[in-house]
There are 2 protein chains.
Amino acid sequence: MRTIKLTLEYDGSNFCGWQIQKNTNCRTIQGELEKALTKIFKQRTKIIGSGRTDAGVHAFGQVAHFKSITSMNVEEILRAINGNLPQDIAVINVEDGHAGFHSQFSAKRKIYRYVLNNRISHLTWQRKYMLHFPCHLNIRAMRRASKILIGKHDYRCFMAADAAKRNKAAGQNTVRTIYRLDIHKSLDIISLELEANGFLYKMVRNIVGTLLDIGTGKITQEDLANILKKKDRNLASETAPAHGLSLVKVDYK
Amino acid sequence: MRTIKLTLEYDGSNFCGWQIQKNTNCRTIQGELEKALTKIFKQRTKIIGSGRTDAGVHAFGQVAHFKSITSMNVEEILRAINGNLPQDIAVINVEDGHAGFHSQFSAKRKIYRYVLNNRISHLTWQRKYMLHFPCHLNIRAMRRASKILIGKHDYRCFMAADAAKRNKAAGQNTVRTIYRLDIHKSLDIISLELEANGFLYKMVRNIVGTLLDIGTGKITQEDLANILKKKDRNLASETAPAHGLSLVKVDYK
């Protein structure tokens with residue numbers, strides 16, 4: 001039995017996210033992939049991703065795996081899957097995973113990028129891939145505040161409220177390590193890139209929402225420190241919209 | 001009477017090009033702009049662009065102008081027009097043109113960019129903004145050949161066949177000067193950027209089509225020299241598809 005590792009790109013605009021949702025007609029990335037695999041291998045084939053991405057979130061380098069006894073080589077597998085996928089998902093790399101490889105449990109680090117456009121005029125071709133944010137942002141204040149988030153912390157305050165409740169009840173671990181949080185600005189485009197050993201549900205979008213509130217002066221760096229200390233989702237800012245977010249890379253080294 | 005100069009961005013995907021087409025229901029950029037201006041100024045207002053872009057061609061920096069006696073300031077004009085435009089066109093700058101300014105006749109140089117993606121997998125989010133070109137391309141051969149095109153030449157061979165016929169009949173000038181033709185490659189993305197004092201109808205897409213034929217080895221550098229010398233459109237390659245092309249900048253200095 002082989003473990004096949006796929007690297008995937010998708011335009012999340014027209015999906016209800018990664019995960020198959022029962023009893024709905026929602027298009028999901030997992031659903032489209034399993035449909036393609038089941039057709040190619042003529043038997044029901046399940047696929048497991050490194051993690052779920054939400055409705056509207058894009059990916060340049062999502063990783064997933066499936067098990068198969070196929071004798072096709074990796075290039076044949078790539079062409080066969082792509083030939084059976086809709087135009088908004090593509091497999092960009094196929095390789096054989098090492099013994100015991102698991103796209104979720106073997107993942108060491110993930111990189112997410114959130115992109116916004118700070119200009120006054122509405123967006124045209126970028127509108128599905130960047131958040132339009134026409135207010136003045138104090139980038140230096142955002143960069144300064146972002147340093148507080150780097151390192152090993154309990155990020156419960158940045159987890160979606162309902163998930164936090166469930167997680168707490170289940171006694172699950174909400175501690176993660178953020179290795180890097182870079183804020184780039186080039187003309188009107190501002191991108192926030194986060195690298196961590198894992199992310200809680202909606203964590204990136206909640207961090208971005210809070211940093212945007214620092215950028216506009218709605219809250220201060222001290223407020224952010226306090227939010228993190230109190231571990232209370234209700235103190236943090238609104239979740240930033242999904243369409244500005246992309247899963248850039250999953251690292252297994 | 002003021003001459004108002006607009007800098008425009010648009011996603012050309014769902015337009016039949018810049019120019020209003022009589023007796024059709026085709027959406028055009030000029031048509032949408034005139035509709036917005038006529039509504040704002042409560043009288044029929046005509047707009048003139050630096051040049052027409054074809055159906056499917058995008059723009060980051062198209063320039064157009066209109067005449068008006070409005071007393072609104074430039075920021076008010078920008079907001080008013082954007083408030084009346086569909087989401088795939090945006091005004092990104094408004095200024096008062098100097099006396100005698102004309103978006104077409106005052107233009108000194110234009111920059112167009114053609115982008116293609118050379119990977120095997122189909123494109124997802126980029127599919128409307130890049131040509132998918134999965135064949136091997138000899139970039140060095142393309143760069144070498146592109147040097148032949150730089151300078152002042154009669155580019156009739158790269159003009160759309162029907163336009164070339166009309167132009168010849170009308171005795172119009174098909175001589176242009178290309179100042180720059182750069183070919184960049186970054187990972188799978190190849191972009192060709194052309195700067196000239198003007199472009200003939202479909203000239204960029206015909207040049208790109210011919211350079212792609214050089215990249216794949218279908219024709220040689222000598223063939224290109226010959227095509228240019230013979231001034232015969234039928235010798236040149238197929239027109240590259242519209243969706244990879246964007247008008248980047250119009251220069252008036």
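**Close-up 1. B:Ser191 in strand 9 (residues 189-196) of chain B.** In this predicted model, B:Ser191 is buried, because its relative accessible area is 13% and buried means under 20%. Leaving aside residues up to four places away in sequence, B:Ser191 touches B:Arg113, B:Tyr114 and B:Val115, together with B:Asp182, B:Ile183 and B:His184.

**Close-up 2. Helix 1 (residues 29-41) of chain A and its surroundings.** The end C-alpha atoms of helix 1 of chain A lie 18 Å apart, in agreement with the 18 Å that its 13 residues should span at 1.5 Å a residue. Ten of the 13 residues are buried, so that the helix is mostly covered; among them are A:Leu33, A:Ala36, A:Leu37, A:Ile40 and A:Phe41. The buried residues pack against strand 1 (2-10), strand 3 (58-68), helix 2 (74-82) and strand 4 (89-96) of chain A. At the start of the helix, a side-chain oxygen of A:Thr28 comes to within 2.9 Å of the backbone nitrogen of A:Gly31, while just after the helix A:Lys42 adopts a positive phi of about 55°.

**Close-up 3. The interface between chain A and chain B.** Here 25 residues of chain A are in contact with 25 residues of chain B, and the area buried between the two chains is about 2000 Å², with carbon and sulfur atoms giving 53% of it. On the side of chain A, the residues that lose the most area to chain B are A:His122, A:Trp125 and A:Arg127, together 28% of what that side buries.

**Close-up 4. Polar and charged pairing between chain A and chain B.** Two salt bridges are counted between the chains, one of them joining the side chains of B:Arg119 and A:Glu9 (2.7 Å, N to O).

Technical notes: Residues numbered from 1 in each chain as written. Chains lettered and ligands numbered in written order. Predicted model: local features only at pLDDT ≥ 70, side-chain atom pairs only at ≥ 80, totals over all residues. Heavy atoms only, no water. Helix = DSSP H or I, 4+ residues; strand = E, 2+ residues; numbered from the N terminus. Expected span 1.5 Å × (residues − 1). Buried < 20%, exposed > 50% of the residue type's maximum accessible area, 1.4 Å probe, protein only. Contact = heavy atoms within 4.5 Å. Polar contact = N/O pair within 3.5 Å; in protein donor to acceptor, adjacent residues only side chain to side chain. Buried area = accessible area lost by both parts, 1.4 Å probe. Salt bridge = Lys/Arg side-chain N within 4 Å of Asp/Glu carboxyl O.
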